[in-house]
Amino acid sequence: MYLNHLSITNFRNFARLDIDIPRRVILLVGDNAQGKTSLLEAVYFLAACTSFQTNVDRQVVNFLEAKGDSLAVARLVAEFQKGNSRHRLEVRLILEPIGSNGKRLRKEVLVDGVKKPVNEAIGLFNAVVFVPQMSQIIEGRPEERRRYLDLALAQVIPAYTRTLSEYGQALSQRNALLKLLNERGGDVDQLFVWDETLSRLGSEIILWRIRAVQELERFAGRTHHRLTNGSEILRLAYQPSYDPLPKPEGQIPMELDTPVDRSNLKLEEIQIGFTERLNQLRQEEIARGVTTIGPQRDEIRLLANGLDLGDYGSRGQIRTALLSLKLAEVEWMKERTGHWPVILFDEVMAELDLQRRSDLLAYLEESEQVLLTATDVNMFAPGFIEQAAVWDVQAGTVKNRSPEA
Amino acid sequence: MMLLPDPLQKLINALERLPGIGPKSASRLAFFLLRAPEDAAADLADALTDLKEKIAFCQECFNITEAGRERCEVCESPQRDAGILCVVEEALDVLALERTGGYFGKYHVLHGVISPIEGIGPDDLKIKPLIERVERGEVNEVILATNPSMEGDATALYLHQQLERLGVNVTRLARGLPVGGDLEYADQSTLLRALAGRQAMN
């Protein structure tokens, strides 16, 4: 799929932008802090209805506009082509004052002019984004990796977002009950209801994550092998907090670099096992007043040649692994949805040697639409630049350097 | 900052506690009543007092009824099938089911759903009286008609567990597509549920 037209109002440092987008590689050139990354963020926002950065959704509303106690609205409108159909997607971010000093961010999504619930609009338009700060996915805390996987799954599995939010709701209810039982005592049998709900929703999430990690690993492994000249084998190890696989005798923790195959597990098996485990943990969980297992505590580790990259990876290794992961996401999304996602790559060339650069560019040219940022256009071969559209990004404005395109 | 006279502020505060009323609507309503003819305010006040004095809850099913009556119309009616109980969250749900004209059993109103976040457990609802009713043995079938929300489902699940051991037949309202609805416009989860709950044609 690809964007035909994009219009942005009050998003980050863009006051107003209205631009036609060609179906090919677009080079965004400009100094730092001019809006290159914000442009990628805006496009990604249309796919995920959230920023790729954690907890910044309200900051994307242009802060000059959002000053004072008046209402502030950021608006993104994309017209895009997906297969044979053309759609219009509009995301409005409304920062409205509540009470005396608070502000609340409300999101509205319109698909072809019709208002839709946010979780139904996610996945209609697909994009994969790479920015250098995303090395946090590998080095950062486990929630970074869960968020990464959740955002990718949300775009691919239509029911994922809703299930995830329902799981969160069930989890809050169960934790509230555990706390009540801890503080005031009461009928422990009530837990059964929430165990049931939690494991029903949780098992769906676990199963989707098992499959996603496995499929992503298949693509990432191949790409990484190529990117490292065959010197590194990349693995993604999913470590579910509730592991539906029976532990070996004596509960010896599994070695991280031992591949574990969970692909044959059935949904019912996971759910039954999950419920049983919650049952076993009941006394402990009441004592602690909180749910101790489940997707909210899952972990995904990335390993190169058996070494945990989060703990031992060098900067270069991590960047390369991240790129492999992102390219895998592109392939995975393409396989799952039948369409190329729009590719958004920020400063991706700097870390690569000449050979890798031309390999990557050759791959990107196969896709439908790519937005690439660079501070220096000379990083690209003249032949590549000729094929691409070059846009100058300066202080929140975008100029097409090759207007005939 | 100008302070409102105490009686006005008290009214605004009271109105604000109503569901769906924010601070703005509350002050608008309060000022409307201030300016309205005297009998408008008096009528409202009377209606509110009557509400508490003249309305009572049926001792059998906990539906609303007029004060002085121990049991509501439905519970006293000999035409209604005492063998079927429909369990609902609120009295308003009884009204909705009555409007269908297609239900001839009796009711049981829970007055809420289980929600630990709000501190509502089974003991805060009319669940014990329900179990006592079923234990008396007249009932063959209990229809769980709580809302298809997470808390409604959880309450149904809990009731099922409690009632199952009494040997009564427990059913849950079907969920699926609205009549006269359009498949195209149904939301995903409704459609998924409808698909899962499909029935053989006969």
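1. Patches, as the word is used here, are made of residues with over 30% relative accessible area and no salt bridge, with like charges joined within 9 Å and nonpolar side chains (Val, Leu, Ile, Met, Phe, Trp, Tyr) joined within 5 Å. Accessible areas come from the Shrake-Rupley method with a 1.4 Å probe, only the protein chains shown counting as cover for residues. A salt bridge is a side-chain nitrogen of Lys or Arg within 4 Å of a carboxyl oxygen of Asp or Glu.

2. The model is predicted, so that local features need pLDDT of at least 70 and side-chain atom pairs count only at pLDDT 80 or more, whereas totals for chains, interfaces and linings use all residues. Residues are numbered from 1 along each chain as its sequence is written, chains are lettered from A in the order in which they are written, and side-chain values use heavy atoms, without hydrogens and water.

3. On the surface of chain B, a nonpolar patch is formed by B:Leu44, B:Leu48, B:Leu51, B:Ile55, B:Phe57 and B:Ile64, which together have about 540 Å² of accessible area. Helix H3(B) gives the most to this patch, with three residues; strand S1 (55-57) of chain B also supplies at least two, and B:Phe57 is found in that strand. Helices (H or I, at least four residues) and strands (E, at least two) are DSSP runs.

4. A surface patch of negative charge (Asp and Glu count as negative; the charge is placed at CG of Asp or CD of Glu) gathers B:Glu38, B:Asp39, B:Asp43 and B:Asp46. B:Asp43 is found in helix H3 (residues 38-54) of chain B.

5. The largest pocket (an open set of 1 Å grid points with protein on both sides within 12 Å along at least five of seven lines; lining residues have an atom within 4 Å of a point) holds about 1,500 Å³ of space. Of its 45 lining residues, A:Arg200, B:Pro148, B:Asp153, B:Arg175 and B:Arg193 lie nearest the centre. H8(B) gives the most to the lining, with seven residues.

6. Two cavities (points where a 1.4 Å probe fits but cannot get out) of 30 Å³ or more are found. About 80 Å³ lies in the largest cavity, and H4(A) provides the largest share of its lining, three residues.

Notes: Points joined across faces, edges and corners; volume = space filled by probe spheres on them.
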